[in-house]
Amino acid sequence: MFEIGLVVASLILLIFSLYILSLYILQAKYRSQRSQQKFLAQLCLQLEQQKIERQALDLGTVPQEFAPLYHTLNELLKALPASVGKDKLTGLVNRVGLKRALTSMMPLTQGTLVLIDIYRFRYVNDLFGFVFGDILLKQFAERLNTLSLSPRLIARLNGDEFCLYYEQALTEEQLVHLRGRLQVPFSIKNTPVSVKLQIGCVHLQEHHADTSQMLRRVDLALKKARHSRSAIAYYAENDDIQQLRELRIIDSLPKGLQRNQVYMVYQAKQDMATGRCFQVEALMRWEHDELGVISPGEFIPLAEYAGMIDLVSQWALDQVLAQQAKWRAAGIQLCVAVNLSTRDLDSETLPQEIAARLAHYKLPPESLMIEITESTLMADLTKAVETLDKIRALGVRLAIDDFGTGHSSLAYLKHLPVNEVKIDKAFLKDLEQDKPSEYILEASINIAKKLGYEVTVEGIETPEIREILVAMGVDTLQGMYYAKPMRAAELEMNWARLHNAM
């Protein structure tokens, strides 16, 4: 009996041991499965991040059965080219990466898109050099990464624009605090550098859309901020209307030139010594078949922005010189002034193009005057002077238009190879009632004349203003009091009166 009991006890112990062993094997298998599932989940997440930023996999402990796969994937990532979604300078996501990231999170119906622009950043490069500017951009990116109000996404879109995506709606107070933190002066090579920021925002709960449209809307908000006193602006529903108009203008401009919807008018200038007309200014007009009359002040900046200003300027030169050839053949001898833009002065071939056109139309160089706005000249004074020297060497006359309205001073005049200074009509406001305005205008005229320049004042609308300017010694007057802008045929009809008047 004892031996039988011992056998039974041994069997029970064996069965129990097998049971315990089976439980251990099941637990080990379960732990292994969980470990594998966790590894695969982390692997998928890191592979998804490769769309935004290329970097080596880093998963810590790798299950033995997945070790060959992990090694192969890492080697493949090293062999692939760098991610196109990453900004090389700052290490932030770039525009491509931001669009990918936002698209993967769609639909985005909550949160805030914030677009930040470093105001006049190019002056940092101009003053200190590009290496200095790059250091500033890197430090700015580092500061964005350490914000206490941390965004979900940070991207550098271009030179000095950074985009942030917050999952929550930001209040104006939070934005002001954000700007204050980012505007704390930087220290670069022991040089303190202050920056001013402009910020555009879109609240996605109210204005969510597809990725491209949301980025377009935050860009519109930044455009508003650039003209806002607070330098912070929000996208509003009707902001798209203005952009749609601008897109329509840009799209219609080439056709407008081809179909003569864009045309030239000419405003006569009166010579004070003789009372007669020897010069006219060519002004562009556009009568759009749907949008109506479009001001050059609206479509010229858009043409510059869209890279179409060369087309417009070449058209204008051809129109003016072709008309000059007709007038000269008819015995009308005068000089025509035409405005050129900032982009035109950037062209190294501009002097040669002007010379070729004068030769084509068989015109003497003194029949043409080029007017350049003051702000254009000051953007890159050295290059502007080099280009203007070549144009003046042709015998073409040069004038500074809208002088006194830019950010320069009269001191720059001595560097400019121009014949004439045109003083803007803004100086005439309240001239009769405001003695300080009269003193400033008179001083500007005297300095320009002592430097050897002829002086024209535009915007003359009353005989009283004309008499004040005559007394100040102005050489030429231009304005509605003397002559309105006229089409070529109308100017021809009035030429005898304008040219022979005393």
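**Exercise 1.** Determine how many aromatic pairs this predicted model contains, and classify the pair formed by Phe-140 and Phe-162.

*Solution.* Step 1. Ring centres must lie within 6.5 Å to form a pair, and by this rule the count is five aromatic pairs.
Step 1. The ring centres of Phe-140 and Phe-162 are 5.0 Å apart, with 50 degrees between the planes. Planes under 30 degrees apart would be stacked and planes over 60 edge-to-face, with the rest tilted; the pair is therefore tilted.
Step 2. Phe-140 belongs to helix H5 (residues 130–145), whereas Phe-162 belongs to strand E3 (residues 161–166). The two residues are 22 residues apart, and the pair links distant parts of the chain.
Step 3. Buried means under 20% relative accessible area. Phe-140, at 0% relative accessibility, therefore counts as buried, and Phe-162 is buried with a relative accessible area of 0%.
Step 4. Phe-140 and Phe-162 form one aromatic cluster together with Phe-186.

**Exercise 2.** Classify the aromatic pair of Tyr-266 and Trp-327, and state which elements of the chain this pair links.

*Solution.* Step 1. The centre-to-centre distance between Tyr-266 and Trp-327 is 5.0 Å, and their planes make an angle of 70 degrees. Since planes over 60 degrees apart count as edge-to-face, this pair is edge-to-face.
Step 1. Tyr-266 is located in strand E8 (residues 262–271) and Trp-327 in helix H11 (residues 309–329).
Step 2. Tyr-266 has 2% relative accessibility and so counts as buried. Trp-327 is likewise buried, at a relative accessible area of 1%.

**Exercise 3.** Which rings have Arg-122 and Lys-196 over them?

*Solution.* Step 1. Arg-122 places its charged end over the ring of Tyr-123, 4.5 Å from the ring centre.
Step 1. Lys-196 lies over the face of Tyr-119, at 5.2 Å from the ring centre.

**Exercise 4.** Describe the largest cavity by its volume and its lining.

*Solution.* Step 1. Rolling a probe the size of a water molecule over the atoms shows where empty space is left.
Step 1. In the whole structure, the search finds one cavity of 30 Å³ or more. The largest cavity holds about 40 Å³ of space.
Step 2. The residues lining the largest cavity are Gln-270, Ile-460, Arg-466, Leu-477, Gln-478, Gly-479, Tyr-481 and Tyr-482.
Step 3. Sorted by class, this lining has four nonpolar, three polar and one charged residues.

Methods: Residues are numbered from 1 along each chain as its sequence is written. This is a predicted model: local features need pLDDT of at least 70, side-chain atom pairs count only at pLDDT 80 or more; totals for chains, interfaces and linings use all residues. Side-chain values use heavy atoms; hydrogens and water are left out. Rings of Phe, Tyr and Trp (its six-membered ring) pair if their centres lie within 6.5 Å; planes under 30 degrees apart count as stacked, over 60 as edge-to-face and the rest as tilted. Helices (H or I, at least four residues) and strands (E, at least two) are DSSP runs, numbered from the N terminus. Buried means under 20% relative accessible area, exposed over 50%, partly exposed in between (1.4 Å probe, protein chains only). A charge sits over a ring if NZ of Lys or CZ of Arg is within 6 Å of the ring centre and within 35 degrees of the ring normal. On a 1 Å grid over the protein atoms alone, a cavity is a set of points where a 1.4 Å probe fits but cannot get out, and a pocket is an open set with protein on both sides within 12 Å along at least five of seven lines; lining residues have an atom within 4 Å of a point. Grid points are joined across faces, edges and corners, and a volume is the space filled by probe spheres set on the points. Ala, Val, Leu, Ile, Met, Phe, Trp, Tyr, Cys and Pro count as nonpolar, Asp, Glu, Lys and Arg as charged, and the others, Gly among them, as polar.
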